[in-house]
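Please read this briefing with the sequence and the 3D model side by side.

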Amino acid sequence: MAFIRKNKIWRLPDHEITPEAVFQNRREFLRLMGFSTTALAASFIVPRAWAKSGGEESARAEKTRVLPRLETNPAYPIRRPLTSERVAATYNNFYEFSPEKEGVWQAMGGFKTRPWQVRIGGLVNKPGVYDIDDLIRQMPMEERVYRLRCVEAWAMVVPWYGFPLRELMKTVAPKSGATYLKFTSFYQPGIAPGQKRYPRMPWPYTEGLSLDEAANELSLLAIGIYGHTLPGQHGGPVRLVVPWKYGYKSIKSVVAIEFTDTRPATFWNTALPDEYGYEANVDPDVPHPRWSQRREKMLGTGEIYATQKFNGYGDLTAYLYA
Ligand code: MTE
């Protein structure tokens, strides 16, 4: 694994390392929704109590439950330091709440991850509506440490707690015509400020995988992180994690999974098709139209690594695209 940390580079301020990725992306989001930067800055005022509070516990808007301790699955070695929990929990992409990454966890006050149901239907033999805690009881849980590579050239390494998506697929038994899975996140503009303020975005957030991608051993439905249930800002109570793809494919707070015979429309691909592809496999050789994907910066430490094709998971996933 190429570790190319160079002090001179990682000491540069953020805006000099990923200037387009972070800054332009936000601008584009605002442009799409017809808002000026000034209007936005005023619209996400952080409550003072939150702003002043510290400690990991306070970075979870809703209280999380400790999960039974599990050994980390050794099949997926990482060879990079874990990202600090607090750093990961306070720098999030969750546009339903805020386009300001540092502000997401503070904008989630009204969001509750319990009770929560996931509807599974479409081309399956056993459709159903699952209460998230029943699902957790029924599915084989694992802890897996994965890298996550955002399309904006930042990356993190975190311990997810969850179950392989293919275990759920076995339970619902896809019909022979099923070729895609469509994932849908919640739509509650009453509690999600982003959905209310930016009605022109194609809410609810949706994502899609081919049946074969979904059945890949890496595809995980995460219900926890760092040994406790998923806090809202990480996509509680249940999210997809597909670590060989850019982070936007890892849809948060899933309420429905539909098996279909057509490729589903997805949130970012619908909003900005020239910038966010449907497949979104991590690839250092394919630049984003506005920035290079050759390198990535670790959250928290600022270490710079060379981006790897399929985010380093090619031995397990390249066959899908052969
Ligand atoms: N899911 C929903 N519903 N809404 C979002 O805005 N952002 C995506 C993805 N899942 C997003 C989402 C993006 S761009 C990234 S990089 C990851 O979530 C970030 O996950 P994290 O905040 O847990 O690090």
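## Briefing

Tyr-226 is buried, with a relative accessible area of 19%. Here buried means under 20% relative accessible area, exposed means over 50%, and partly exposed is in between, using a 1.4 Å probe and the protein chains only. The model is predicted, so local features need pLDDT of at least 70 and side-chain atom pairs count only at pLDDT 80 or more, while totals for chains, interfaces and linings use all residues. Residues are numbered from 1 along each chain as its sequence is written, and side-chain values use heavy atoms, with hydrogens and water left out.

**Backbone details**

- Tyr-226 has a phi near 50 degrees, a positive value in a residue other than glycine.
- Tyr-226 sits in the loop between strand 7 (220-225) and strand 8. Helices (H or I, at least four residues) and strands (E, at least two) are DSSP runs, numbered from the N terminus.
- Asn-311 is not a glycine either, yet its phi is positive, about 55 degrees.
- The loop between strand 12 and helix 12 holds Asn-311, which is buried with a relative accessible area of 1%.
- Arg-114 and Pro-115 are joined by a cis peptide bond, with omega about -10 degrees. Pro-115 belongs to the loop between helix 6 (85-89) and strand 1 (117-122).
- A cis peptide bond also runs from Gly-236 to Pro-237, with omega near 0 degrees. Pro-237 is placed in the loop between strand 8 (228-229) and strand 9.

**Salt bridges**

- Side chains of opposite charge can pair when their charged atoms come close.
- How many salt bridges does a search of the whole structure find? The search finds 13, where a salt bridge is a side-chain nitrogen of Lys or Arg within 4 Å of a carboxyl oxygen of Asp or Glu.
- One of them pairs Glu-213 with Lys-245, and the closest N and O atoms are 2.9 Å apart. Glu-213 is in helix 10 (residues 211-215) and Lys-245 is in the loop between strand 9 (239-241) and strand 10 (254-260), so this pair ties together parts that are 32 residues apart in sequence. Both residues, Glu-213 and Lys-245, are buried.
- Lys-309 forms a salt bridge with Asp-283, with 3.2 Å between the closest N and O atoms. Lys-309 is in the loop between strand 12 (304-306) and helix 12 (314-317), and Asp-283 is in the loop between helix 11 (267-271) and strand 11 (295-298), so the pair ties together parts that are 26 residues apart in sequence.
- Lys-309 is partly exposed at a relative accessible area of 45%, whereas Asp-283 is buried at 12%.
- Asp-285 and Arg-294 also meet through their side chains in a salt bridge (3.0 Å, N to O). Arg-294 counts as partly exposed, at 47% relative accessibility.

**Nonpolar core**

- In soluble globular proteins, nonpolar side chains tend to be buried together.
- The largest nonpolar core has 82 residues. A nonpolar core is a set of buried Ala, Val, Leu, Ile, Met, Phe, Trp, Tyr and Cys residues joined through side-chain atoms within 4.5 Å.
- The residues that touch the most other members are Phe-97, Trp-160, Leu-165, Leu-168, Ile-257, Phe-259 and Trp-268.
- Strand 4 (residues 154-164) gives the most to this core, with eight residues.
- Leaving aside neighbours within four places in sequence, Ile-257 is in contact (heavy atoms within 4.5 Å) with residues including Val-118, Ile-120, Leu-168, Leu-181, Phe-183 and Leu-221.

**A buried serine**

- Ser-250 is in the loop between strand 9 and strand 10 and is buried, with a relative accessible area of 5%.
- Beyond its neighbours within four places in sequence, Ser-250 is in contact with Leu-148, Arg-239, Leu-240, Val-241 and Val-242.

**Ligand surroundings**

- Which residues come nearest to the ligand? They are Tyr-95, Glu-96, His-234, Arg-239 and Lys-252, out of 18 residues around the ligand (a heavy atom within 4 Å).
- A polar side-chain atom of Lys-252 lies 2.6 Å from a ligand oxygen atom.
- A ligand nitrogen atom is 2.8 Å from an N or O atom in the side chain of Glu-96.
- For Asn-92, an N or O atom of the side chain is 3.0 Å from an oxygen atom of the ligand.
- The protein covers 99% of the 540 Å² of accessible area that the ligand has on its own, with areas from the Shrake-Rupley method and a 1.4 Å probe.

Methods
A polar contact is a pair of N or O atoms within 3.5 Å; within protein, one must be able to donate a hydrogen and the other to accept it, and residues adjacent in sequence count only if both atoms are side-chain atoms.
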